[in-house]
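Reader: I would like to learn how to read a model like this one, feature by feature. Could you take me through it slowly, with the general idea before each case?

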Amino acid sequence: MNPQLFLAFLVVAGALACTPGVDWAYSIAAGLKQRSFVPAVAGLCGGYVLHTVLMVAGLAALLAGAPGVLGWMTVAGAAYLLWLGFGTIRSWRGATFGAGAAVPAEPKSAGSNQAESNQSESNQFRTFLQGVGTSGINPKGLLFFVALVPQFVSPEASLPVPVQSALLGLTFVLLVAVVYTCVALLSRKLLHSRPGAARRVTLASGIIMVALGAVLLSEQLVHLASGIAWQ
C-alpha cells in the first residue's frame, strides 16, 4: 500500500474514532450497566467489520446509490437508537459501583451458581448483539466507509484494491477497539467511587442516543415530505 496514504488514513480515522457520538455513549452506558464492557466494545467493532465486508463486496456502494434502501436503513437505525436510548434512560438509577461489591456474598449452591453463569452469558451476548446493531445499522457508518476509504486506496499499489479496502477497514476497526476500550475503561475507573456521577453519565448517554435517533428520524421524515411535495 501507499505509505503516505495509509498514514493519512490513520490520522483521519483516528480523529473520527476519537469524536464522541452514539458509539461512545453506548460503550459507556453498557460498561456501567454490565460487569464487563468487553461485549459492548466487541459488538461495536463487529458492526464495523460488517461494514468492511459490505465495502469489499461492493454492496456498500450499491446501497449508498439506492436512496430508497438507505432511507429505510436510516429509519431502522433511528428507531433502534430511540429504543436503546429509552432503555438506557429507564435503567440509569441502577448505574452504580462499589455499594454492591461491599456486601459480603452468601454461600450459594452449585445450581444457583450455574444459573447465574448462564444469565451472565446471556446478558453479555445480548450486549454484544446490541453493539453490533448500534454501529452496524447506522447508515452514517456505511456512508463513512463508502466516502472515506476509497480516497486512500491506490490503484498503482501492488495489493489489489479489494485487499487494500479490507486492510483499511480492519485498521479502522482496530482503532475504534482501542479508543472505545479506553473510553469505557477510563469512565469506569473515574466513576467507580462516584455512583451519583455514574447515574448521571448513564442518563446523559441515554439522552444522547435518543437525541441522535430523533435527529436521524426527523431528517428522513423531512426528506420524505419534500419528495412528496415535489410529486
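Author: Let us begin with a term: a nonpolar core is a set of buried Ala, Val, Leu, Ile, Met, Phe, Trp, Tyr and Cys residues joined through side-chain atoms within 4.5 Å. Please keep in mind throughout that the model is predicted.

Reader: Which residues touch the most other members of the largest nonpolar core?

Author: The general idea is that, in soluble globular proteins, nonpolar side chains tend to be buried together. Here the largest nonpolar core holds 37 residues, and Phe9 and Phe172 are the ones that touch the most other members. The elements that give two or more residues to this core are α1, α2 (22-33), α3 (38-57), α5 (67-90), α7 (139-148), α8 (161-191) and α9 (195-230), and the largest share, eight residues, is supplied by α8. If residues up to four places away in sequence are set aside, Phe172 touches Phe9, Ala13, Tyr48, Phe144 and Phe145.

Reader: How many helices and strands does the protein have, and what share of its residues counts as buried?

Author: The protein has nine helices and zero strands, so that, read from the N terminus, its elements run α-α-α-α-α-α-α-α-α. Of its 231 residues, 37% count as buried. The protein exposes about 12,500 Å², and carbon and sulfur atoms supply 70% of that area. Among contacts between residues at least 6 apart in sequence, 88% join residues at least 24 apart.

Reader: How would I check the length of a helix, taking α3 with its 20 residues as the example, and what span should I expect?

Author: One compares the expected span with the distance between the end C-alpha atoms: at 1.5 Å a residue, the 20 residues of α3 should span 28 Å, and because its end C-alpha atoms are 28 Å apart, the two values agree. The buried residues of α3 include Pro39, Ala40, Val41, Gly43, Leu44 and Tyr48. Just after α3, Gly58 takes a positive phi of about 85°.

Reader: Is Gly43 buried or exposed, and what does Gly43 touch?

Author: Gly43, which lies in helix α3, has 0% relative accessibility and therefore counts as buried, since the cut-off for buried is under 20% relative accessible area. Not counting residues up to four places away in sequence, Gly43 touches Phe128, Gly131, Val132 and Ser135. The C-alpha atoms of Gly43 and Ala177 are separated by 9.9 Å, although these residues are 134 residues apart along the chain.

Reader: Where is Leu216 found, and how far is its C-alpha atom from that of Ala78?

Author: Leu216 is found in helix α9 and, at 8% relative accessibility, counts as buried. Leu216 and Ala78 are 138 residues apart along the chain, and their C-alpha atoms are separated by 5.6 Å.

Reader: How should I read Phe6, and what is its relative accessible area?

Author: Phe6 has its place in helix α1 and is partly exposed, with a relative accessible area of 27%. Leaving aside neighbours within four places in sequence, Phe6 is in contact with Met1, Leu168 and Thr171. The C-alpha atoms of Phe6 and Gln164, 158 residues apart along the chain, are separated by 9.7 Å.

Reader: Which residues make the nonpolar surface patch of about 240 Å²?

Author: A patch of this kind is made of residues with over 30% relative accessible area, and here Val11, Val12 and Leu16 make it. Val11 lies in helix α1 (residues 3-17) and, with a relative accessible area of 60%, is exposed.

Methods: Residues are numbered from 1 along each chain as its sequence is written. This is a predicted model: local features need pLDDT of at least 70, side-chain atom pairs count only at pLDDT 80 or more; totals for chains, interfaces and linings use all residues. Side-chain values use heavy atoms; hydrogens and water are left out. Patches are made of residues with over 30% relative accessible area and no salt bridge: like charges are joined within 9 Å, nonpolar side chains (Val, Leu, Ile, Met, Phe, Trp, Tyr) within 5 Å. Accessible areas come from the Shrake-Rupley method with a 1.4 Å probe; for residues, only the protein chains shown count as cover. A salt bridge is a side-chain nitrogen of Lys or Arg within 4 Å of a carboxyl oxygen of Asp or Glu. Helices (H or I, at least four residues) and strands (E, at least two) are DSSP runs, numbered from the N terminus. Buried means under 20% relative accessible area, exposed over 50%, partly exposed in between (1.4 Å probe, protein chains only). Contact means heavy atoms within 4.5 Å. The expected span of a helix is 1.5 Å times one less than its number of residues.
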